[in-house]
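Please keep the picture in view while I talk.

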Amino acid sequence: MEQLTTLETTLLNNLIEKYPALKAHLPYLKVKNRETTKVGMTVNFEYTDDVEKLNFDDFNALFSGGENIEIKGLKQGLSYVIDITDGQIEYIEFSTYGENWNGQFGDYKIISE
């Protein structure tokens, strides 16, 4: 399992502002893998073994704070969405606006709309 990046943590903290009950999930959340395509990347999560300590509310949501992530080399940057299924944080999906991208963030800037 891989550790969360600073960007992933920032986006998850934005999610927690809307769904405060998910704050308790962060210590148990790890990156299962990162799958890159030509125009995006999916960061899949899994929970550590001691997850039974958490209370999962039975809700589903797709969350995006409306921000755009500016990255050098991408004209229009990235959008993202965080999937919550059955009360668990499943993944963050990053997408370009049709531009090829190598999945590297480098220097980035989050721009609120």
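Before I point at anything, a word on terms: helices (H or I, at least four residues) and strands (E, at least two) are DSSP runs, and they are numbered from the N terminus. Please bear in mind that this is a predicted model, in which local features need pLDDT of at least 70, side-chain atom pairs count only at pLDDT 80 or more, and totals for chains, interfaces and linings use all residues. Residues are numbered from 1 along each chain as its sequence is written, and side-chain values use heavy atoms, with hydrogens and water left out.

Along the principal axes, the C-alpha atoms fill a box of roughly 45 × 30 × 20 Å. Of the 113 residues, 38% are buried, where buried means under 20% relative accessible area, computed with a 1.4 Å probe and protein chains only.

Let us now look at E67, which sits in the loop between strand 3 (61-63) and strand 4 (68-71). Is E67 buried or exposed? Its relative accessibility is 10%, and therefore E67 counts as buried. Leaving aside residues up to four places away in sequence, E67 touches N14, L78, Y80, I110, I111 and S112, a contact being heavy atoms within 4.5 Å. Two of these neighbours deserve a second look, and here I need the term polar contact, a pair of N or O atoms within 3.5 Å, of which, within protein, one must be able to donate a hydrogen and the other to accept it, while residues adjacent in sequence count only if both atoms are side-chain atoms. The side chain of E67 makes such a contact of 3.2 Å with the side chain of N14, and another of 2.6 Å with the side chain of Y80.

My second residue is T96, which belongs to strand 6 (residues 88-96) and is buried, because its relative accessible area is 9%. A polar atom of the T96 side chain lies 2.6 Å from the backbone oxygen of E99.

Key. Buried means under 20% relative accessible area, exposed over 50%, partly exposed in between (1.4 Å probe, protein chains only).
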